[in-house]
Amino acid sequence: MRPDVLVVGGGCAGLSAATALAERGARVRLLEARAVLGGRARSWTDPRTGEVEDNGRHLVMACYESFLRMARRTGGADALRFQPRAEVVLLREGGGRTAFRPEEMPGRAGLLSGLVRLRGFPLRAVPGAGAALREAREECAALDGSSAAAWLSRHGQDAAAREALWDPLVLATVNLSPETAPARLVASVLRRALLAGEGGSRIGFADRGLDAAIAGPAEIHLRGRGGEVLRRRKVESIELDGRGRFVAARCRSGERHEAGALVLAVPHREAGALVPPSAAPPTAPAWRDLGESPIVSVRLRLDRPTGAPEMAGLVRSPVHWVFRGRERGAGGPERLALVTSAADGLAGRGRDEIVALAVSEIRRFLPLARGARVVGALVLKERRATPRFTPENLAARPGPGTGSPNLVLAGDWTDTGLPATLEGAALSGERAAAALG
Ligand SMILES: Cc1cc2nc3c(=O)[nH]c(=O)nc-3n(C[C@H](O)[C@H](O)[C@H](O)COP(=O)(O)OP(=O)(O)OC[C@H]3O[C@@H](n4cnc5c(N)ncnc54)[C@H](O)[C@@H]3O)c2cc1C
């Protein structure tokens, strides 16, 4: 039967749009090019170990409103576990650790008191941090056109303040160095995650893998409402009628799918190639300039515990985060995931070199790891992890609408005002669904 809406792309944005539409009673058909759903947030079971592997450890935050709305809609929320209170542990060489706890008081006061107690954050930088937070909260025009580094430096955030807080925060949330990241996107993270209070910066983990929290329950939700999910369907062209309305999408296999409307939820390069020129928004020629920023992850299996916290930032290291595996047994083997954001330098290196770096960093930061033997290693390079937003290219992010009244766009790269995250993707999906009326 002809669906009401065709959704192309089974990542978080497409799943958010599809489940929102199905919830409203629309008959939805979702086409995904790959054999698996989830896009850049997917998981699979490793046949050698039987363990669930994510394509990269993903964190969510309690302030992820649209993402959590989708997760509650589909039941995926049951597979998320949140910290009881917000805390980010930072490790220093030799094993010293400190924790950033931003929420002992609500809003800006809580954040500033967290800074005062954060070891390594210079007291002289606290008043400037306060001024920066005020600008972030008030969405000041001063943020426009500025990189995070330039904005922070205007507020007296020196090298020590950047190292202790700002650089890890920007890398983790925008996947770009502060020199590249737009100040406006960093401000949007601060506003939502850290300044809104109410526990918004508590971090959530998908302990059973991303699929259990995102694509798995979304597919069940869709099918339960009469929807269809078709894998290995790479859409190659979109047909409009003489009045510019969407009619059908054609797949590489030759299949043609007609529907009443289309949500195109694919990354920016693919969208640029698929939207017919007559429907393309004015910014379309600039979509390819949104670029890509990589993330490199290394999974290490060690023969004994290393004393690693569940999650910690590594201060002054080319490896930014370490995550301890879920199934730590007393005295038994341990799994660690090491993540480098904005990994342009690392993505071009060979597997053995990356593993050697990860092992030497772990030994530098976790003294107990020095005696541990590495019994397995896996390197995952996501070269197109997120777009490379800059202060100059932000204006190229389109809204959901196109020149065709029944063809809308979704994806983390569209203009959500947020960095490219699961929340941005889910919000874009909700907006695309709403734009279809
Ligand atoms: C390693 C890594 C770590 C990350 N960590 C975090 C994190 O901790 N927290 C966070 O919030 N975000 C994180 N992100 C970002 C987050 O994963 C993305 O922002 C989000 O998943 C993007 O979703 P999307 O639906 O917009 O795009 P995608 O997930 O890319 O989905 C697009 C889908 O469209 C499909 N497709 C493409 N072309 C076609 C076609 N022609 N026909 C049919 N289908 C097509 C693709 O196969 C894909 O499934 C991370 C990303 C990576 C890679």
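Q: Is Leu-176 buried or exposed?
A: A residue is called buried if 20 or more other C-beta atoms lie within 10 Å of its own, exposed if 12 or fewer, and partly exposed in between, with the C-beta atoms placed from the backbone. Leu-176 has 26 C-beta neighbours inside 10 Å, and therefore counts as buried. This is a predicted model, in which local features need pLDDT of at least 70 and side-chain atom pairs count only at pLDDT 80 or more, while totals for chains, interfaces and linings use all residues. Residues are numbered from 1 along each chain as its sequence is written.

Q: Where is Leu-176 placed, and which residues does Leu-176 touch?
A: Secondary structure comes from DSSP runs numbered from the N terminus, helices being H or I runs of at least four residues and strands being E runs of at least two. On that basis Leu-176 sits in the loop between helix 6 and helix 7. A contact requires the C-beta atoms of two residues, placed from the backbone, to lie within 7 Å. Leaving aside residues up to four places away in sequence, Leu-176 touches Val-170, Ala-181, Ser-293, Ala-342 and Arg-388. Leu-302, by contrast, is 126 residues away along the chain, and its C-alpha atom is separated from that of Leu-176 by 30 Å.

Q: Which residues have a positive phi although they are not glycine?
A: Two cases can be set side by side here. Asn-175, with a phi of about 55°, belongs to the loop between helix 6 (159-174) and helix 7 (183-194), and Asn-175 counts as buried because it has 25 C-beta neighbours inside 10 Å. Arg-316, with a phi of about 60°, lies in the loop between strand 16 (311-314) and strand 17 (321-324), but Arg-316 is exposed, since 10 other C-beta atoms are within 10 Å.

Q: What do the buried residues of helix 2 pack against?
A: In helix 2 (residues 65-74), the buried residues are Ser-66, Phe-67, Leu-68, Met-70, Ala-71 and Thr-74. They pack against helix 1 (12-23), strand 5 (59-61), helix 8 (210-213), helix 9 (215-224) and helix 13 (422-435).

Q: Which residues have the most contacts inside the largest nonpolar core?
A: A nonpolar core is a set of buried Ala, Val, Leu, Ile, Met, Phe, Trp, Tyr and Cys residues joined through C-beta atoms within 7 Å. The largest one has 133 residues, and Ala-17 and Leu-262 have the most contacts inside it. Not counting residues up to four places away in sequence, Ala-17 touches Val-7, Val-263, Ala-265, Ala-410, Gly-429, Ala-432 and Ala-433.

Q: How is the protein divided into domains?
A: Domain bounds come from an automatic or database domain assignment. The protein is divided into domain 1 (5-78 + 206-288 + 390-435), domain 2 (101-201) and domain 3 (293-386). The C-alpha centres of domain 1 and domain 2 lie 31 Å apart, and the contact between them takes 9 residues from domain 1 and 17 residues from domain 2. For residue classes, Ala, Val, Leu, Ile, Met, Phe, Trp, Tyr, Cys and Pro count as nonpolar, Asp, Glu, Lys and Arg as charged, and the others, Gly among them, as polar. The side of domain 1 that touches domain 2 has 7 nonpolar, 2 polar and no charged residues.

Q: Which residues come nearest to the ligand?
A: A residue is near a molecule if its C-beta atom, placed from the backbone, lies within 6 Å of it. There are 37 residues around the ligand, of which Gly-9, Gly-11, Gly-39, Gly-56 and Thr-421 come nearest. Helix 1, strand 5, strand 15 (293-302), strand 19 (374-386) and helix 13 each give two or more residues to this shell. By class, the shell divides into 17 nonpolar, 12 polar and 8 charged residues, and at least three residues are drawn from each of domain 1 and domain 3.
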